[in-house]
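Okay, thanks for having me, everyone. Today I'd like to walk you through one chain, and I'll go slowly for anyone new to this.

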Amino acid sequence: MDVRRRTLKLPPQAETEQSPALESVDPKASDALPLPLYLTNAFFFTLFFSVAYYLLLRWRDKIRNSMPLHVVTFSELVAIVSLITSFIYLLGFFGIDFVQSFIARASNDAWDLDDDVDNPRHHLLTCPPSISDHLVPAISSAEDEEIVEWVIKGTIPSYALEEKLGDCKRAARIRREALQRTTGRSLQGLPLDGFDYDSIMKRCCEMPVGYMQIPVGTAGPLLLDGFEYIVPMATTEGCLVASTNRGFKAIYRSGGATSTILRDGMTRAPVVRFPSAARACHLKFFLENPSNFQTLANEFNKSSNFARLQGVQCSIAGKNLYVRFSCSTGDAMGMNMVSKGVENILEYLQSDYPDMDVIGISGNFCSDKKPAAINWIEGRGKSVVCEAIIKEEVVKKVFRTSVATLVELNMLKNLAGSAVAGALGGFNAHASNIVSAIFIATGQDPAQNVESSHCITMMEAVNGGKDLHASVTMPSIEVGTVGGGTQLASQSACLNLLGVKGASKQLPGSNSRLLATIVAGSVLAGELSLMAAIAEGQLVKSHMKYNRSSKDVSKGAS
């Protein structure tokens, strides 16, 4: 981490021991004025417009009387000087905030974080210090204080603290203190204690200075494929958990939902370049020839016990060839597995195609963390369809609407409305809301919410128009139950709540597939509940009640 060098004339201990009598008040630019600011402003505003009006009248008279304009009387000279003086003042008045901030910064040789908290300009950027932060200094030893100074001066790179100290939490504490001093911003609202920093070392996050607190709610039970699940959802959006829970209730009372896994394969697509388009086509034909598949699979599979090549799809753009490899990855989300397997194949092909130039391991034909038609059509990760028949009485009692109303709204909003908007994979009400909440709770990659939220929601009346058939089709849910953030204690606990923690020993890949179906079932519940709220005009009322707060929660931060 790049830090700005700043010389501290007072050590932190001396700063904290200063008495209130020694604390100076920040000077203001307006302190230099002889009169109160509002009187001074009124004087110069009046002076400016008065002399300007006087000079305009005098110049008009001179023009009428054919008198030279450059000949001025004493009174005109005084008016000109007054005009220039008042103009300079008024021009400077608009820059008074800049002058004040400049003077305040120049007068302070060391940054005082407590003063920053009290500064009204920073109220939106910092949280009030907790009692413990006042009583216990962030750095308690002289040795750590010296290391903080080294980090500030750049003697020790911030990113190297864990390796040099051998203590991840201590490294985070020192980095945090150095960051506060170099930026002059307090991090007192960001928790530091109570987290296992060793668990993220070289796995989840670099250069940590704390951890984020996100509330986790539970909704359920979700009755899916004959089993019940309590679903954890990490979110800061009021109404989301409650709304999804209402959808679960409707599904449960109607006999539950059923799901089907259509495909299960992670993809990676490198881009390679040849001297000619003909050579690129030659490799395309070789890769797509079924007789060569086993040879490619042997090379791909040798670096993993779980990664198994499923297929190869190619696309040509001039001399450039994009090759989309798809493979199974067990219970892992699998990006590292498939990337390593692709490297194996590229190394193998280099001997027969020495003129092949590997431009990048990813050529965006995969396509990862971006909305793409290839994922919408071909799928990526787990492709899932989930459906339920909601009984007429449940629609009326739980959702307080009718089957016909929901069917019409779904057609006009999710289908026609999304088409009018030119949506790509967004033919739904709010699938990404549920996907993101479950992803964060279970340690998935939140950025993959982009393609994982691709969803088309369908609703139609069945059984003579009495009941509602609802379904969600999600072609690219990218989840795993091992690796990445799933190993962290909080996220692991949420996976355990769902019964999908870790890898399945009996049937590799079954835990991640089950998690994907739970995500789809939760999205179905969320779609039903939100559509009902919109149909009955309850959306705004609900959010006004549960998604607004007049309480300043920062006061309770610790």
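Before anything else, one term: when I say two residues are in contact, I mean that they have heavy atoms within 4.5 Å of each other. And please keep in mind that what's on the screen is a predicted model.

As for the parts list, the chain has 21 helices and 11 strands. It runs to 558 residues, and 42% of them count as buried. The accessible surface is about 29500 Å², with 57% of that belonging to carbon and sulfur atoms.

You'll find it at residues 510-535, so to speak, 26 residues in all. From first C-alpha to last it reaches 38 Å, close to the 38 Å expected at 1.5 Å a residue. Is it buried or exposed, for the most part? Well, 21 of its 26 residues are buried, so the rest of the structure largely encloses α20. Just past the end of α20 there's G537, which takes a positive phi of about 70°.

Let's zoom in on one residue of α20, namely I518. Its relative accessible area is 0%, and because buried means under 20%, I518 counts as buried. Who does I518 touch, if we skip the neighbours within four places in sequence? The answer is L222, L224, Y229, V231 and L498. Also, have a look at I438: I518 and I438 are 80 residues apart along the chain, yet their C-alpha atoms are separated by 9.4 Å.

Next, what packs against α20? I'll show you two helices.

One is α10, residues 240-253, whose axis comes within 7 Å of the α20 axis and crosses it at roughly 105°. Angles of 65 to 115 degrees count as roughly perpendicular, and α10 and α20 are therefore roughly perpendicular to each other. On the α10 side, the contact is made by S243, T244, R246, G247, F248 and I251. The α20 side includes G521, S522, L524 and A525. Sorted by class, this contact has 8 nonpolar, 7 polar and 1 charged residues.

The other is α16, residues 403-420, which packs on α20 at an angle of about 95°, with the axes 10 Å apart. That makes α16 roughly perpendicular to α20 as well. Here α16 brings T405, L406, L409, N410, K413 and N414, while α20 brings E527, M531, A532, I534 and A535. By class, that's 6 nonpolar, 3 polar and 2 charged residues.

Buried residues in α7 include D144, E145, I147 and V148. Just after α7 comes G154, with a positive phi of about 90°.

Last stop: A172, in helix α9, residues 168-183. A172 has 0% relative accessibility, so it counts as buried. Beyond its neighbours within four places in sequence, A172 is in contact with L192, Y197, P208 and V209. And E162 sits 10 residues from A172 along the chain, with 8.0 Å between their C-alpha atoms.

Key
Residues numbered from 1 in each chain as written. Predicted model: local features only at pLDDT ≥ 70, side-chain atom pairs only at ≥ 80, totals over all residues. Heavy atoms only, no water. Helix = DSSP H or I, 4+ residues; strand = E, 2+ residues; numbered from the N terminus. Expected span 1.5 Å × (residues − 1). Buried < 20%, exposed > 50% of the residue type's maximum accessible area, 1.4 Å probe, protein only. Areas by Shrake-Rupley, 256 points an atom, 1.4 Å probe, with all protein chains shown as cover. Axes fitted to C-alpha atoms, helices over the stretch in contact; angles between N-to-C directions. Parallel < 35°, antiparallel > 145°, perpendicular 65-115°, else oblique. Nonpolar A, V, L, I, M, F, W, Y, C, P; charged D, E, K, R; others polar.
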